[in-house]
Amino acid sequence: MSDIIRRDPRKEWIARNRLHPEHLEVLAELGGGASPSEWMGPNGLTRRNPHAVGFIGPNGIKRIDRSGAQQAANQPGSRQAQPKDTRRRVEIETPAFMVAVVPDLPGGRLSSHDRDLLGLARQLADADAERPGAVLAVIFGEHKESVFGEAGVDRLLHMDGEEFSGYLPEVRIAALQSVERELAPRYWLLPDSPLGGAELGRRLAVRLGERPATQVWQVEADADSDTGWRCTARGAAGTSDITRAMPRVALALAECAEPVSETRHAAQPVELTQALPEVLGRIEDMGEVAVDPASVALAEAEFILSAGNGVKDWDGYHHAAQVLGATEGASRVAVDDGFMPRDRQVGATGTWVSARVYVAVGISGAIQHLQGIQSCDKVVAINLNEGCDMVKRADLAVIGDAGEILAALVARIERYREQQQENRDAA
Amino acid sequence: MPHNAKSSDNAGLNVAVLVSVGRHPLTARARRADQDARAVEMALTLSGAAVRLVHASVDDSDNEAALRSYLGMGIGEVNLIKQASGADVVPALVTSLRDMAPQLVLTGTRAETGEGSGLVPYLLSEALGWPVISGLAAVESIEQGVATVLQALPRGKRRRLRVRLPAIATVDSSAPAARQSAFGPARRGEFDTYACASVMDELQAKWQVQPARKRPKRLKIVKSSSARDRFKAAAAKAESGGGQLLSDVSPEQGAEAIFALLKEEGVLR
């Protein structure tokens, strides 16, 4: 069917004219066969359906237009206006210089820190509209990201291969050195994050013989400095600000600049012409070690099973935490009643946690507790009370007895583990 | 911890710990730097190893108490390299580490005063040609010139690495806490002071240093063509749900839903 809206001015005119003998039929027709809002009942009484009055406007709000002017827009064929992508498309064919960024890509995706850093790189590259620079992203190993262009990357150098999968900083530095030799970026930007950027950036700066600015949180244009930029960096364990000319290598903190949102870039793949040098690493990666979740500090735990007043079967709760492999947390009530140690308390008086998944068992969600879990990604609530604040905060809330649900969850996970074991044995 | 089991392994192992003067985050008093103290603790738990402390700085009496608190952890002396005020300590440390020739150099991740960039171990590694590993949580074993160590990763994870000695390692804050400093040994300990030519850090003299400003809080900018969206974003409560609510379900159904979420998030091992 064609997308062109066919309008019948005569029918619209009848729809506007409430005294027209065909008014109701036409209204019903234009309303997409919906029931008319007013009709004559069998006993000669006028019946009204107030729900059928009006139409749903483009923003999802019900509008009642007595003039009838909008009726035509209410046709069944009329489409909702699609949100159009208004971002400007930018292609930089011959860049005057390069700004190299080495993002962390935790889990194969750009983190918000990486996006901020790319925003900073754009700030440096786009300063002179006449001679724009290109942002070069250098990424190692497998990744799942598909929107490098929208994050502000003009050129993408993807170094894939066996050697980049594990933790081998010496190999990566050698690769970055090749990038320096071939593409000679004007600036190197790396995230000053414990995920690897901090270490890689320091190694790179030392190898290039540059003195980097670390923990940079602000970059401003400055005509007096040699490079035209001035940066402000944290020093002395975050207690002082060092203002200095922007060096070639900078390690920036999160929120150092606004991420790119108004433009889309090409993210053209580039390749190095020469093969990467063979490097004999002196550091050997033996892989990650399984850690006991109980020994992980609450503030940095990834997965927390937290207990509150609703928990009655404490042995069952501890067993569940063990089976799930979750770090144990507690609400203040559970701690005050002596069921959990004080260092496990989550919330304003206790620890502010940053878990990716937080399961609150029998916690109603006092505001002090909700403050403590502000930065958690996914919150699961198991509670008896449907109206409590924790249920409102939760991404998934299950109403029911905490003990029974935990027992069922433990049984489910044990079944899952058995299946996995069988699959492994079969394989 | 089987301390006595290790003692034979590490006999003859030479460990140098680079220590600095820290700054208490609240009182701003000079103290032993937290991560450096953890590095000293780690060196002391390698029983049988000979531990030497190295400190390079201006000779001033204000920091003596802070340095003595390292001595109070059970070490006889600190090798103190005298430097002029405003000097770059890296060349002096390189010279003294070459002389000392330790197998393992431990230090904190970054200093609590001055620039605090955490570059010193990397610069030393480049100058000496030794490998450097960052963020140590524990030293598991040292056998035949190869150290097996645990590196601390975010979220309490650990990675096992093997590195050929001699090597430089920085110690993470998640390493075991340092032991208390005893007063008597701290008083009795000695400083083995010697002078070394100072290389001035000229770049640093050009920097402006001021107390840290509070960083501006990022505003939530909603870019939308529709006024309704902008209004909704401004007026909406931050914690308005949109989550899934399962009521009147059997415990098994509830457990299944939670299980599916946990599996999707990848927290189940």
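At roughly what angle do the axes of helix H11 of chain A and helix H9 of chain B cross? In this predicted model, they cross at roughly 55°. The two axes come within 8 Å. The crossing of H11(A) past H9(B) is right-handed.

Now look at the residues that touch. On the H11(A) side they are A:Glu404, A:Ile405, A:Ala408, A:Leu409, A:Arg412, A:Ile413, A:Arg415 and A:Tyr416. They meet B:Pro251, B:Glu252, B:Ala255, B:Glu256, B:Ile258, B:Phe259 and B:Lys263 in H9(B). Nine residues of this helix contact are nonpolar and six are charged. No polar residue takes part.

Next, step back to the whole interface. Chain A gives 84 residues to the contact, and chain B gives 75 residues. The size of an interface is often given as the accessible area lost when the parts come together. Here chain A and chain B bury about 7200 Å² between them. Carbon and sulfur atoms account for 56% of that area. In chain A, the residues that lose the most area to chain B are A:Val206, A:Arg211 and A:Arg282. Together they make up 9% of what that side buries.

Charged pairs also link the chains. Nine salt bridges are found across the interface of chain A and chain B. A:Asp192 forms a salt bridge with B:Arg110. The closest N and O atoms of that pair are 3.8 Å apart.

How values were computed: Residues numbered from 1 in each chain as written. Chains lettered and ligands numbered in written order. Predicted model: local features only at pLDDT ≥ 70, side-chain atom pairs only at ≥ 80, totals over all residues. Heavy atoms only, no water. Axes fitted to C-alpha atoms, helices over the stretch in contact; angles between N-to-C directions. Helix = DSSP H or I, 4+ residues; strand = E, 2+ residues; numbered from the N terminus. Left-handed = near helix turned anticlockwise from the far one by under 90°. Contact = heavy atoms within 4.5 Å. Nonpolar A, V, L, I, M, F, W, Y, C, P; charged D, E, K, R; others polar. Buried area = accessible area lost by both parts, 1.4 Å probe. Salt bridge = Lys/Arg side-chain N within 4 Å of Asp/Glu carboxyl O.
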